[in-house]
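Biologist: Could you walk me through this one? I would like to begin with the surroundings of the ligand and move on from there.

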Amino acid sequence: MSAPVLGEFEDNPKPPPMVSGRLPVLGHALEFMRDPCSLVRRGYEEHGPIFLVDMGSKKAVFLIGPKYHKFFFKETDRIFSMRDGYETMMKMFDKRLLFFSNLSDYQEQRKVILPLFQDTDRFTDCIVPEVELFMKNVLGDEGEIDLATVFGPVVMHVAARAFFGEAFRNKLGDEYFHVFRAFSLGADVVLPSWLPLPKFRGSRKAKARIESMIVDLIRERREKPLEPKDLFQELIESTYYGGKPLPDKLLVNILLFIPWAGHETTVGQTSWTLIELLRNEDYLERVKKELEEVLGDRKEFIQEDFKHLKTLDWAVKESERMHPVAHVIPRGVRDDFDIDGYEVKKGTMAFVSPDTAHRIPEVFKDPDKYDPLRFAPDRAEDRVPFSLIGFGGGVHRCAGVNFAKLEMKIIMAMLLQNYDITLLDKNPIAKKGVETKWPESPCRIRYSRC
Ligand code: HEM
C-alpha cells in the first residue's frame, strides 16, 4: 500500500472519480486536444478538486485549488517529475537542460540563470527602445491591426536584445523571429514528436538553423569578449559545479530555452492585458490617470516609475488570473501516493489548471468579473499561497516572471501614453487546443496617435 501523503489515512483508498464523456479506447484524448479548458472545468463541476481524465494512453489526475497546488509544487522533483510531464518538449531541447535533467544539474544551472534575471534596470533599457521601434516602424500614427499577430515580433526582439545583445538583434532582425516561431511550433504536451507532422519536421529544421546562429555568436564572443559585458557575455563566461565552464551544447540549449519559455506566454498575456483594459473603460481611465500622475509631462520611463504604477500592476495580474496562457501545468507521477482518500498510481500524469483554479468563487470573488482591484492591499484575494498560479509555483516558479511583468507594463504604458485605442472585435476568445492560450484572430484594434 502506498503511504498517505495528503489528508487522512484511508484503509481502502480508491481511484479519483473519472470525468464524464469518456470514449472507448481514446478516452478524453480528442476532447483534451480540442478544448482542454472546457473539459477540466467540467471535471471540477462534476467532482470537485480531484478527478481523473483519460488521455487514451495514460490517465491524468487533476488537482485544483490552493491546497492541492501547494502539494503539487512542493512535491515536484519528488513524487512529481517535470521531465516526465514535458516529454515532447524535452526532445526539442536536451535531456541535460534545466528541469529535464537530474536535480543536481538543474540546481547548478538554475544558479547560473537566476542572476541573469535580476538587473531590472538593464531590462528596462532593452525593452523601451524596442517598443519605440515598434511604434515607429510597425504601428505608425494610425491604423488597424490584429493583436494576435502584432506582439510576436516585438517580444522576440526584446528577448534577442536582452539575452543575445544589441548586435545580434540588429544583425538577425526578422529572420530570427521567423525561424524561432517555426521552432516553437514543435511544442506539444500531448502528441509525440516522432509523428511525421510538418510542424515537428519544421521545428527540427528551425532548431538546426538557430543552433548554428548561436554557435557562431559564441565563437565570436569567445575570441573577442564584449566589455562592458552584456547578458550573453556573462552567460558564456559563467561556470557551474564550482568553476567548470558550461559546455557549448548546454549553453546553446539555455539560450534556446530562455527566449522560448518567455515568447508565446508573454505575447498571449500582453494581448489579454490590453484586450481587458480596452473592454473595461472605467478601469482604463484609472490606469491612464495614474500614468499622468506618475509621469507628468515626461515621455521617458525610469525603473522607479513602475513601483508607482499600481493599477497597471493589478491589471496585469487580473489578466494572469482570467486568461492564464499556461492554462495547464503538467507533471509525471513517479511514485504511488494517497490524497484525501484517493490513490494515484505511478505512471499517471498530474496537472494543475490555472484556468479552472483562477475561477473558484471561494478564492476569487465573482470570478467571471474583470476586477483588478481584487489585488489591491485592502482585498488581496491572492493572499492565500498558491491561489494565483499563472507563473507556476514553488522552486520552479517562472524564472522570467519579473522580466515578463516589466515588459507587459512597459508595453501597456507606452501604448496608452501614445495612442487612443479601440477594440474592434469586442469578445475575442482564446485559441482552442492545448497550445498557449493566445486570443484567436480576428482580434483587431484601431489606434491613432494622441
Ligand atoms: C507572461 C509570461 C510568462 C508566463 C505566463 C510564464 C509561465 C511560466 C510557468 C507557468 C512556468 C512553470 C512551469 C512548470 O512549473 O511546469 C514557467 C517556468 C519558466 N519560465 Fe516562464 N512564463 C512567462 C514568461 C517567461 C519569460 C519572459 C522567461 C524568460 C525570458 C521565462 C522563463 C521561464 C523559465 C526559465 C522557467 C523554468 C523555471 C524552472 O523550472 O526553474 N518565462 N513560466
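Biologist: Which helix gives the most to the shell around the ligand?

Modeller: That is H12, which contributes six residues to the shell, and please keep in mind throughout that this is a predicted model.

Biologist: How many residues surround the ligand, and which are the closest?

Modeller: There are 22 residues around the ligand, and the closest are Gly-262, Thr-265, Gly-392, Cys-398 and Gly-400. The elements that supply two or more residues to this shell are helix H12, spanning 248-279, and helix H17, spanning 401-418.

Biologist: And how do the residues of that shell divide into nonpolar, polar and charged?

Modeller: The shell holds 13 nonpolar residues and eight polar ones, together with one that is charged.

Biologist: Switching to the strands, what is the order in the open sheet of three?

Modeller: The order is E5-E13-E12, with antiparallel pairing, and the edge positions belong to strand E5 (142-146) and strand E12 (419-423), each of which pairs on one side only. On average, neighbouring strands in this sheet are turned by 20 degrees against each other, if direction is ignored.

Biologist: Over how many bridges do E12 and E13 pair?

Modeller: Strand E13, residues 444-449, pairs with E12 over five bridges in the antiparallel sense, and within that pairing Leu-423 has Ile-445 of E13 as its bridge partner.

Biologist: Which strands does helix H8 touch where it packs on the sheet?

Modeller: Helix H8, residues 147-164, touches E5 and E13, and its direction makes about 95 degrees with that of E5.

Biologist: Now for Pro-16, where does it lie?

Modeller: Pro-16 lies in the loop that runs between strand E1 (4-6) and helix H1 (29-34), and it counts as buried because 25 C-beta neighbours fall inside 10 Å.

Biologist: What is Pro-16 in contact with, leaving aside its neighbours within four places in sequence?

Modeller: Its contacts are Ile-50, Phe-51, Leu-52 and Val-61, along with Tyr-342 and Val-344. Asp-340 is 324 residues away from Pro-16 in sequence, yet the two are 9.7 Å apart in space, C-alpha to C-alpha.

How values were computed
Residues are numbered from 1 along each chain as its sequence is written. This is a predicted model: local features need pLDDT of at least 70, side-chain atom pairs count only at pLDDT 80 or more; totals for chains, interfaces and linings use all residues. Two strands pair if DSSP finds at least two bridges between them. Helices (H or I, at least four residues) and strands (E, at least two) are DSSP runs, numbered from the N terminus. Axes are lines fitted to C-alpha atoms, for helices over the stretch in contact, and angles run from 0 to 180 degrees between N-to-C directions. Two residues are in contact if their C-beta atoms, placed from the backbone, lie within 7 Å. A residue is near a molecule or strand if its C-beta atom, placed from the backbone, lies within 6 Å of it. Ala, Val, Leu, Ile, Met, Phe, Trp, Tyr, Cys and Pro count as nonpolar, Asp, Glu, Lys and Arg as charged, and the others, Gly among them, as polar. A residue is buried if 20 or more other C-beta atoms lie within 10 Å of its own, exposed if 12 or fewer, and partly exposed in between; C-beta atoms are placed from the backbone.
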